[in-house]
Protein chains: 2
Amino acid sequence: MVDTTHGNSGARMNRRMNRLSRVTRLPRALPALATVRSDVDAVLREFLREKAAGHLPTQLVEVVTDFLAAGGKRLRPLLCVTGWHAAAGEGTPPPSVVRVAAALEMFHTFALIHDDVMDQSSTRRGQPTVHRVLTARRIASGGSRSSAERFGVGGAVLVGDLMLTWSGELIHTAGLSPAELTSLLPLLDLMRAEIMYGQYLDLDATGAPTDDVERALTIARYKTSKYSIERPLHIGAVLGGADLDLLDGLTAYALPLGEAFQLRDDLLGVFGDPAQTGKPRLDDLRDGKHTALVALALRAASGRSADLLRDLLGREDLTDAQAEQVRTILVSTGARAGVEDMITRNRDRVEELLATPGPIHPGALPVLHDLADSATRRSA
Amino acid sequence: MVDTTHGNSGARMNRRMNRLSRVTRLPRALPALATVRSDVDAVLREFLREKAAGHLPTQLVEVVTDFLAAGGKRLRPLLCVTGWHAAAGEGTPPPSVVRVAAALEMFHTFALIHDDVMDQSSTRRGQPTVHRVLTARRIASGGSRSSAERFGVGGAVLVGDLMLTWSGELIHTAGLSPAELTSLLPLLDLMRAEIMYGQYLDLDATGAPTDDVERALTIARYKTSKYSIERPLHIGAVLGGADLDLLDGLTAYALPLGEAFQLRDDLLGVFGDPAQTGKPRLDDLRDGKHTALVALALRAASGRSADLLRDLLGREDLTDAQAEQVRTILVSTGARAGVEDMITRNRDRVEELLATPGPIHPGALPVLHDLADSATRRSA
């Protein structure tokens, strides 16, 4: 259930970075941002190469290497380095910051692998999910389907556990000073726990959506605002020497942006073009995902529409025609327009914040602005 | 697949502690050991109480609290505090050491919860496993069986992930000095990765046992010798100011003891009395667990015995009569006696080590001796 709607955006991110390097007010700060992706990937490749040279099963390293090579936008590393610039200004972040950024990507790999096990997903980034890869390998080497599936799920849980551990190891070996490490560890503990709370709340709510809009927004706050945006910014900022004022400023940016990001995701999950989003339009409805969109519709619907909505949401065998009925109700109740309004209000808050002089170093503003723009207006 | 054969041994451990406090040469050191269990449980209870007072779902804290209350021998905390005494000698370990010991128990909780998901186990410590508890709660609140099972497995994966994160948080908030933290983190990273390697190797080998004795011993080294014995001792010892000599001495103790412990476990899994071990005698055979016992038998068996063994091991529907056939072959090939010999040789190495003056502080020797004795001669 972790968000990955615009997964293949390496090229798009590079274009955005190139565009940014033309508009920035602090030209020396942004070349570092433009290479975050390749810098982080180089750290991860080297780390995995060392692990592969050790005593652990080759298969373990292979599946992770393949998973990382298949794509991903490296959003959290980018935000981490942006957070560093927000505090430290221009210049090139030290290698320790890049390594911490890489640790966030390793952590995200853990989250996605376990997410796919929990959702029983078959593909991710256009490739078979880790549990499917392991199952297929087992079948190829002569295992029965049931024992191979058990191996696939168990193996994916373990690979995820190992990624979580390795993400810690990347931090512990980043060459941070004792003071840096001491200020970082509580933030990392928070980030880890927050995504887990969010995932648990999401899992708990899935299958039984209600008209509780607040609950949907709470899930979005933990899974998206905090985990994907606020904490990566904070982590980079703390390493750049941020004070509490700056951390608060980044929170004020992250919370509305994350909410808008998730709301856009919810709309795309139901109304998006699968050719652009890369994910089917039926999954959220069939899973009975509890989103603000659905909650608003359940709140506004009455009579036959309300009954129909409750009947159809969460049906594993939902047909295309039934999904169209749901979409019609989501529009006629005003839920879709209501969610668009919420996105606009959140984006306005973010833009107002970025336009007001505050603790965020001006060099970091263009990328924060660009991210807010693309996250809320995107169609993929 | 994580070992827990003698799970209900709180009372036995207390008896052992009481016995120890009579035989020890350093009376002031051992009262601290006698209270490890209650000290560690107090830390865990307080930590969970604080978490429950926060914003996270109550259910999450409840299942963990119930799991910890259901039993467990707190072996790793005991070894951690023993490791501290091995370095620091008499006296009372500081609260930070007790908190680190509690973190090891929290980590073990993570390992067991994920292990039960991977093994699809239904009971642990005489209670339903975490995924079963969550599934049952979901059914009780009106969910369908299939959606409840999905919730149960997903929830247990998340609860385990959270325990892993909280075990780190317990360390990070233990009040360790920067130097202590810096020396501890690499050891913790090793311990975490080692159990995951061991579990992966075990999962990989299960269902297709071979005559490869070395492979079975490698699994035992990671899962039992290193994870359960060596690292807890090292972690405590480092906090007690251990030098490399002492760490090597503890390794020399842990590796043969862990191997003997696992070999005893393998024998009990097939020949033990279920009334004493608390686990059925068919599971290891039905799973086709790759143990040294089975590998020795496959190596020695010939003709019809070899065919029969290969045919029966790993059969999910193995009958009691077929299990008896397997046991007969395990005896007639000399595999059972061979494993007993290996246990004896390992125990002799441990006893010789403990009898030779070395870097381990004498105050820690009685408990190390007692542990070696009970772990290798036990019937439960």
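Biologist: Helix H11 of chain B, residues 244-271: what should its 28 residues span, and how far apart are its end C-alpha atoms?

Modeller: This is a predicted model. At 1.5 Å a residue, the 28 residues should span 40 Å, and the end C-alpha atoms are 40 Å apart, so the two agree.

Biologist: How many residues of H11(B) are buried?

Modeller: 23 of its 28, so H11(B) is mostly covered, with buried meaning under 20% relative accessible area.

Biologist: Now H9 of chain A. How far does H9(A) reach?

Modeller: From first C-alpha to last, H9(A) reaches 41 Å. It has 28 residues, and the value is close to the 40 Å expected at 1.5 Å a residue.

Biologist: Where does H9(A) bend, and by how much?

Modeller: At A:Leu184, by about 25 degrees. A proline, A:Pro186, follows within four residues.

Biologist: What comes just after H9(A)?

Modeller: A:Gly207 sits there with a positive phi of about 100 degrees.

Biologist: Are A:Arg192 and A:Asp189 buried or exposed?

Modeller: A:Arg192 is buried, and A:Asp189 is too.

Biologist: How many salt bridges over all chains?

Modeller: The count is 54. Among them, A:Arg231 and A:Glu230 pair at 3.7 Å, N to O. A:Arg231 and A:Glu230 are both buried.

Biologist: Which residues are linked in a network of salt bridges in chain A?

Modeller: A:Asp41, A:Arg74, A:Glu105 and A:Arg125.

Biologist: Why does B:Arg124 count as buried?

Modeller: Its relative accessibility is 9%, and the cut-off is under 20%, so B:Arg124 is buried. B:Asp115 is buried as well, with a relative accessible area of 2%.

Biologist: What about B:Ser228? Which helix does it lie in?

Modeller: B:Ser228 is in helix H10 of chain B, residues 213-239. At 4% relative accessibility, B:Ser228 counts as buried.

Biologist: Which residues is B:Ser228 in contact with, leaving aside neighbours within four places in sequence?

Modeller: B:Leu75, B:Arg76, B:Leu79 and B:Lys223. The side chains of B:Ser228 and B:Arg76 are also joined by a polar contact of 2.9 Å.

Biologist: Now the interface. What area is buried between chain B and chain A?

Modeller: About 4200 Å², with carbon and sulfur atoms giving 65% of that. On the chain B side, B:Arg150, B:Tyr197 and B:Tyr200 lose the most area to chain A, together 18% of what that side buries.

Biologist: How many residues does each chain bring to the contact?

Modeller: 46 residues come from chain B and 46 residues from chain A.

Biologist: How many salt bridges and polar contacts cross between them?

Modeller: Four salt bridges cross the interface. Ten residue pairs are in polar contact. One of the salt bridges joins A:Asp287 to B:Arg150, with the closest N and O atoms 3.9 Å apart.

Biologist: Which elements give two or more residues to the side of chain B that touches chain A?

Modeller: Helices H4 (58-69), H6 (95-119), H7 (130-140), H8 (145-172) and H9 (178-205) of chain B. H8(B) gives the most, with 16 residues.

Notes. Residues numbered from 1 in each chain as written. Chains lettered and ligands numbered in written order. Predicted model: local features only at pLDDT ≥ 70, side-chain atom pairs only at ≥ 80, totals over all residues. Heavy atoms only, no water. Expected span 1.5 Å × (residues − 1). Buried < 20%, exposed > 50% of the residue type's maximum accessible area, 1.4 Å probe, protein only. Salt bridge = Lys/Arg side-chain N within 4 Å of Asp/Glu carboxyl O. Polar contact = N/O pair within 3.5 Å; in protein donor to acceptor, adjacent residues only side chain to side chain. Contact = heavy atoms within 4.5 Å. Bend = angle between axes of the 7 residues up to and from the residue. Buried area = accessible area lost by both parts, 1.4 Å probe.
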